[in-house]
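Colleague: I would like to learn how to read the features of a model like this one. Please take me through them one at a time.

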Amino acid sequence: MQARLPFLVSAVFHYLGPAFAVLLFARVDVLGVAWLRIAAAALVFALWRRPWHVLRNHTVIAWGVVLALMNCCFYLAIERVPLATVAAIEFLPVVGLAALGARTPRNVAALALAVPGVYLLTGVRIEGEPLGVALAFANAGLFALYIVLAHRAAQGAGVDALG
């Protein structure tokens with residue numbers, strides 16, 4: 001159980017963050033909410049890992065910039081479009097990257113189950129402001145880039161880069 005605890009905590013914060021963000025929109029500007037989330041995450045990880053030496057790594061810097069832009073697009077999108085729709089659109093690059101990496105029948109089966117699963121869980125409806133939908137797709141593209149850069153950063157600097 002102890003090995004799974006970081007993943008459980010991460011999942012809880014990953015999904016509670018946007019839920020609380022929607023509630024904060026009544027009191028804080030959308031980009032202010034994005035800044036709060038980015039700053040809080042940076043503080044927690046910096047205190048946890050003290051990764052100052054990786055700040056010279058260009059991949060890590062690019063990854064941080066992509067993360068900030070991705071969060072801004074995400075929050076601007078959920079201000080205009082239902083959260084479930086934005087979350088479903090956000091899964092598109094993950095599914096695409098998984099399809100590119102599918103090497104075994106088990107990978108293909110998991111992918112075949114993931115696509116309808118995301119649809120059923122989110123009840124996605126492409127509706128709302130066109131700008132919100134565009135921001136959701138921009139967030140999805142940035143999320144794909146985030147995954148690629150995270151992989152490169154972790155290979156180069158290990159877990160400290162993740163901090």
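**Reading the model**

Modeller: Start with N71, which sits in helix 3. Helices (H or I, at least four residues) and strands (E, at least two) are DSSP runs, numbered from the N terminus. This is a predicted model, where local features need pLDDT of at least 70 and side-chain atom pairs count only at pLDDT 80 or more, while totals for chains, interfaces and linings use all residues. Residues are numbered from 1 along each chain as its sequence is written, and side-chain values use heavy atoms, with hydrogens and water left out.

Colleague: Is N71 buried or exposed?

Modeller: First the scale. Buried means under 20% relative accessible area, exposed over 50%, and partly exposed in between (1.4 Å probe, protein chains only). N71 has a relative accessible area of 10%, so N71 is buried.

Colleague: Which residues is N71 in contact with, leaving aside neighbours within four places in sequence?

Modeller: Contact means heavy atoms within 4.5 Å. On that basis, N71 is in contact with A34, R37 and I38.

Colleague: Where does N139 lie, and what does N139 touch beyond four places in sequence?

Modeller: N139 lies in helix 6. Its relative accessibility is 0%, so N139 counts as buried. Residues up to four places away aside, N139 touches M70, C73, F74, V86 and E90.

Colleague: Now the aromatics. How many aromatic pairs does the structure hold?

Modeller: The rule comes first. Rings of Phe, Tyr and Trp (its six-membered ring) pair if their centres lie within 6.5 Å; planes under 30 degrees apart count as stacked, over 60 as edge-to-face and the rest as tilted. The structure holds 3 such pairs. In one of them, W63 and Y146, the ring centres are 5.6 Å apart and the planes stand at 40°, so the pair is tilted. This pair links distant parts of the chain: W63 is in helix 3 (residues 58-80) and Y146 in helix 6 (residues 130-157), 83 residues apart. W63 is buried, at 8% relative accessible area, whereas Y146 is partly exposed, at 22%.

Colleague: How do F143 and Y146 pair?

Modeller: They are stacked, 5.9 Å centre to centre with 15° between the planes. F143 and Y146 are 3 residues apart in helix 6, so about one helical turn separates them. F143 has 15% relative accessibility and therefore counts as buried. W63, F143 and Y146 form one aromatic cluster.

Colleague: How should I read a nonpolar core?

Modeller: A nonpolar core is a set of buried Ala, Val, Leu, Ile, Met, Phe, Trp, Tyr and Cys residues joined through side-chain atoms within 4.5 Å. In soluble globular proteins, nonpolar side chains tend to be buried together. Here the largest core has 26 residues, and F25, Y75, I78 and V86 have the most contacts inside it. The elements giving two or more residues to this core are helix 2 (30-49), helix 3, helix 4 (83-101) and helix 6.

Colleague: What is Y75 in contact with, neighbours within four places aside?

Modeller: Y75 is in contact with G17, P18, A21, F25, V30, V33, A34 and R37.

Colleague: And pockets?

Modeller: On a 1 Å grid over the protein atoms alone, a pocket is an open set of points where a 1.4 Å probe fits, with protein on both sides within 12 Å along at least five of seven lines; lining residues have an atom within 4 Å of a point. The second largest pocket is lined by 11 residues, with A88, I89, L92, V115 and V118 nearest its centre. Helix 4 and helix 5 (105-122) each give two or more residues to this lining. Helix 4 gives the most, with 5 residues.

Colleague: Where does I126 lie, and which residues does I126 touch beyond four places in sequence?

Modeller: I126 lies in the loop between helix 5 and helix 6. At 56% relative accessibility, I126 counts as exposed. I126 touches T85, I89 and V133, residues up to four places away aside. I126 and I89 are 37 residues apart in sequence and 9.1 Å apart in space, C-alpha to C-alpha.
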